[in-house]
Amino acid sequence: MSTATLDTSDIDQYLGKVMDFSPLREPIAANDIRRWVHAMHYANLVHFDPDYAAESRWGGLVAPQSFPIATDDGHGAAPACVGCIPNSHLLFAGDEWWFYGPRIKPGDMVKNERIPFDYTVKETGFGPTAFQRGDNNYYNQDGDAIAKQRSTSLRYNAQAGGASVNQADFDDPDWSDEEMADVEKRVFSWVQMLHDLGHKERWWDDVNVGDQLPERVFGPHSIASFATEWRAYIVNTWGTMNLRKNDLEALGFTREMAGYENDPDMMKENPFLTDGAYYGPSRGHLFPKYARRIGMPRGYGYGASMGSWVTDFLSGWAGEYGMVVHSTANYRGPALTGDITIQTAEVTEKSVDDEGRHLVHVKHLMTNQRGVKMCLGTAEIALPKKPA
């Protein structure tokens, strides 16, 4: 039994209160959307090819449902990381999403109203761990609600995190040429599904309980692919937002994992110190030395990206006339360098809700090539019903 303690008393004063955010300086550009889907491995033409998008129901480029988080300055984690927990580290633990219908397009301005929600302390492999939740409410320039994201973070004792690393997982797996050829074939199989559906409807009537969604595979992940993901979040390019002041050491992060990430004053003086990918709390994703100090065996992916992979997987299957209306994603293990990601889902129910929407309920799962669970959850997807 762990003898470590976790002081969460400072969190209470922030719960339920709207916190500050960092507004975008310019409207969303088409290339912001293209960069996002490329980084998220989401090869849906409607989000990057202008000729294909012009023939879609939207008549032009449109962002995927996963895109709102790309407009936030903290990957959605900010309201789930308030209050000081001394000598602590943080990992993303999951997301719950509600989508309301409006899609983000080039020219839009997105605002995020952030409200810390609640927390509880549980015993985990890291010792006493705070499961802290916070809400991100995304709106466009017309005040239309786009989506709500309830994020969960894990905050735990820094020493406990570093002591939990499994040295057997330090090295990337070695893929043979034959194995990689098979992976590439599986990767393209899901892309072919997108091509086959095209601009057509996926009818609610044609889906049955017990159906398996087509498998989605991508990877192997690498430091390069994680760095590409990092750059696709708009805030991670210098000068893109009017940044709020945020003292990471005041939140209890250790000095080596705090730094000046997105500090607006330091960005004007020495911007190299403000990029968390190299200095600060996010560098564990790209540098095994720091990954191991927070409990990860080697470079690892972003929780917010993992949540986006879930949304893209489900909305890509739903097609242009479908929409993910609600989803949960509980993170169980990281995407590590050298691993591939495998997504599957099963239809568990069909229903019609109070708004008359025809819903398909699914249970989704994300694993790596060894069958290690990375993410699991449920979702409800609205699909069109065939005309009578």
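D205 counts as partly exposed, because its relative accessibility is 29%, and the class is set by cut-offs (buried is under 20% relative accessible area, exposed over 50%, partly exposed in between, with a 1.4 Å probe and protein chains only). The model is a predicted one, in which local features need pLDDT of at least 70 and side-chain atom pairs count only at pLDDT 80 or more, while totals for chains, interfaces and linings use all residues. Residues are numbered from 1 along each chain as its sequence is written, and side-chain values use heavy atoms, with hydrogens and water left out.

D205 forms a salt bridge with K385, the closest N and O atoms lying 2.9 Å apart; the term stands for a side-chain nitrogen of Lys or Arg within 4 Å of a carboxyl oxygen of Asp or Glu. This pair links distant parts of the chain, with D205 in the loop between α4 and β5 (216–218) and K385 in the segment after β9 (373–382), 180 residues apart. Side chains of opposite charge can pair when their charged atoms come close.

The structure holds 18 salt bridges. In another of these, the side chains of R244 and D73 meet at 2.9 Å, N to O. Here too the pair links distant parts of the chain, as R244 belongs to the loop between α5 (223–232) and α6, and D73 to the loop between α2 (50–54) and β1 (88–99), 171 residues apart. R244 counts as buried because its relative accessibility is 14%, and D73 is buried with a relative accessible area of 9%.

The side chains of D263 and K245 form a further salt bridge, at 2.7 Å from N to O, and although both residues are in the loop between α5 and α6, they are 18 residues apart. D263 counts as buried, because its relative accessibility is 7%. Through shared partners, salt bridges join D20, D72, D73, R114 and R244 into one network.

The loop between α5 and α6 also holds N262, whose phi is near 55 degrees, a positive value in a residue other than glycine. N262 is buried, with a relative accessible area of 12%. H41, again not a glycine, has a positive phi of about 65 degrees; this residue is found in the loop between α1 (30–39) and α2, and it counts as partly exposed because its relative accessibility is 26%. The backbone has a further feature at the peptide bond from G219 to P220, which is cis, with omega near 0 degrees, and P220 lies in the loop between β5 and α5.

The next topic is empty space. Rolling a probe the size of a water molecule over the atoms shows where empty space is left. On a 1 Å grid over the protein atoms alone, a cavity is a set of points where a 1.4 Å probe fits but cannot get out, whereas a pocket is an open set with protein on both sides within 12 Å along at least five of seven lines, and lining residues have an atom within 4 Å of a point. Grid points are joined across faces, edges and corners, and a volume is the space filled by probe spheres set on the points.

By this rule there are 4 cavities of 30 Å³ or more. The largest cavity has about 190 Å³ of space, and of the 20 residues that line it, the closest to its centre are Y42, N44, V46, G319 and E320. The elements giving two or more residues to this lining are α4 (177–197) and α8 (303–318), and α4 gives the most, with 3 residues.

The second largest cavity has about 80 Å³ of space, and its lining includes F99, Y100, R103 and M323. About 230 Å³ lies in the second largest pocket, where D247, E249, A258, G259 and Y260 are the closest to the centre among 14 lining residues.

Terms used: Helix = DSSP H or I, 4+ residues; strand = E, 2+ residues; numbered from the N terminus.
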